Amino acid sequence: MEKSYYNQEDLKKFASISEFQPNLASKFFDYYGEVFKEGALTAREKSLIALAVSHAVQCPYCIDAYTEDTITKGCSEAQMMEAVHVAAAIRGGASLVHGVQMMNKTKKLSM
Amino acid sequence: MSLKSRDHALSSPAEQLKVLGGELFHTGKLPTFREKLIAHNYYPLTPTGIQVFQINIGYMCNQTCKHCHVDAGPDRKEIMTKATMESCLEVYEKYKFPTIDLTGGAPEMNPEFYWFVSELKKRGAKEIIVRCNLTIILANQKYHELPLFFKENNIRVVSSLPFYKADRTDRQRGEGVFDKSLKALVMLNEVGYGVEESGLVLDLVYNPSGAFLPSDQKTLEKDFKRELFELFKIKFNSLLCITNLPISRFLEHLVNTDNFEDYMSLLVRAFNPSALNGVMCRNTISVGWDGYLYDCDFNQMLGMKLDKNTGQHISEFNLTKLNQRSIAVHQHCYGCTAGAGSSCQGAVVT
């Protein structure tokens, strides 16, 4: 077993998940490929969304993959960091909006 | 500073080939380029006829870019002599190749540059490309007239600009290069380069400022056109995307930043067999500053001379033998077959 839960080399082995369940893996990778194709959103916009989501779900494989993908697609450092801030804002906002629940409960309990 | 002036091990082509041919490719981890060609029935790679007569007239340059595959710089003294240029003119006169591609270093720094261009024009050269690094135009007063000289000789100007923002450009090409490049582009636009219906062609070259591949050429071209025009009112014709090949100073960068293995893996994973039809070594002959012949500018920098039977020097130029040769390949060739492919004319698969 690896000494760390995350191994950088494992990203290159992503496709090997098909070893234990080929049918579902095949469906997933087909779907994945379709999702990232140029569509109503450009491939670059999708890549920036993926970079933001990677940070929101804190997946180191995804962060490596979509940092390389966005820079390859010609995104600037500022655009990439703004995408990360979008993730941070949503995560922060998701915590803070629950403050209303806390306030509601506090007010209900209080005299 | 150039690898050569630092006396760096990688200034030796033999040392570069040693790194490129190291254990990564000989422990079965990655296939060699030769193995890849065999697997796709392209071995040996053969010419399709010479369309581009590319002449490197010297390694001297006013810049010392981090990724330079030539290891060019102000300290490099290797420049083509007038006698070698005369040999090139004789060959050109005989075969009239459709395109002449003058490169360096900064080709304009060769004192015989102006004479050479004029002699090529006298011999009826239709398309002459000059790979101008832009900053040379501002480097010294004697170069300020270059845009006019280019215009008078209807030169196609091809210039590197790795990004439309200063930070990424300067990290690769040196502090202040972006601002100077913009000034030079304005000077070129002022004489008509890149301007619609002027007939004067100004192409820009994008190459990634790091260990990653270029994106889709057309998409990036749109970005460059929009940003350069909106911000600086600069116009140009086409953007050519060129992949960084793992040789010379870019190889040094890859090794120093622990990116060599990942970058080579990336190039191998992105191997696109359809790019093999358009790789430049098949339609180009590259002449070194000393008159030696090569399959391409990259092979030139790796010292991979042509086979003795083909004729190794401009003085032995034999078109029939050149068209029958086998092209020399090594692991750096993966750079020209990754993704949409890469050549001095940009992507090869559209």
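Chain A is divided into domain 1, residues 12-41, and domain 2, residues 42-111. Taken over C-alpha atoms, the centres of domain 1 of chain A and domain 2 of chain A are separated by 23 Å. The model is predicted.

Stay with chain A for its fold. Chain A has four helices and zero strands. Along the sequence, its pattern reads α-α-α-α. Burial is the next thing to check. In chain A, buried residues make up 13% of the 111 residues. Take contacts in chain A between residues at least 6 apart in sequence: 56% of them join residues at least 24 apart.

Now pick out helix H4 of chain A, residues 77-109. How far apart are its end C-alpha atoms? They are 48 Å apart. That agrees with expectation, because 33 residues at 1.5 Å a residue should span 48 Å. H4(A) is hardly covered. Of its 33 residues, the count of buried ones is one.

A:Val100 gives a local view of this helix. A:Val100 lies in helix H4 of chain A. Is A:Val100 buried or exposed? A:Val100 has 9 other C-beta atoms within 10 Å. A residue with 12 or fewer is exposed, so A:Val100 counts as exposed. A:Glu45 is 55 residues from A:Val100 along the chain, and their C-alpha atoms are separated by 33 Å.

Turn to chain B. Chain B has 15 helices and eight strands. A compact globule of 350 residues would have a radius of gyration near 20 Å; chain B has 19 Å, which agrees. Its C-alpha atoms fill a box of roughly 55 × 45 × 40 Å along the principal axes. Buried residues make up 51% of the 350 residues in chain B. Among contacts in chain B between residues at least 6 apart in sequence, 75% link residues at least 24 apart.

Next comes the core. In soluble globular proteins, nonpolar side chains tend to be buried together. The largest nonpolar core here has 112 residues. Those with the most contacts inside this core are B:Ile57, B:Ile100, B:Ile128, B:Val130 and B:Val157. H12(B) supplies the largest share of the core, five residues. Beyond its neighbours within four places in sequence, B:Ile128 is in contact with residues including B:Ile100, B:Leu102, B:Val117 and B:Leu120. B:Asn153, B:Ile155 and B:Arg156 are also among its contacts.

B:Asn272 sits in the loop between helix H12 (260-269) and strand E7 (284-287) of chain B. With 13 C-beta neighbours inside 10 Å, B:Asn272 counts as partly exposed. Which residues does B:Asn272 touch, not counting those up to four places away in sequence? They are B:Thr337, B:Ala338, B:Gly339, B:Gly341 and B:Val349. B:Tyr334 is 62 residues from B:Asn272 in sequence, yet their C-alpha atoms are 9.2 Å apart in space.

Last, see where the two chains meet. Seven residues of chain B are in contact with six residues of chain A. On the side of chain B that touches chain A, three residues are nonpolar, two polar and two charged.

Notes:
Residues numbered from 1 in each chain as written. Chains lettered and ligands numbered in written order. Predicted model: local features only at pLDDT ≥ 70, side-chain atom pairs only at ≥ 80, totals over all residues. Contact = placed C-beta atoms within 7 Å. Nonpolar A, V, L, I, M, F, W, Y, C, P; charged D, E, K, R; others polar. Domains from an automatic or database assignment. Helix = DSSP H or I, 4+ residues; strand = E, 2+ residues; numbered from the N terminus. Rg over C-alpha atoms; globule rule 2.2 N^0.38 Å. Buried ≥ 20, exposed ≤ 12 C-beta atoms within 10 Å, placed from the backbone. Expected span 1.5 Å × (residues − 1). Core = buried A, V, L, I, M, F, W, Y, C linked by C-beta atoms within 7 Å.
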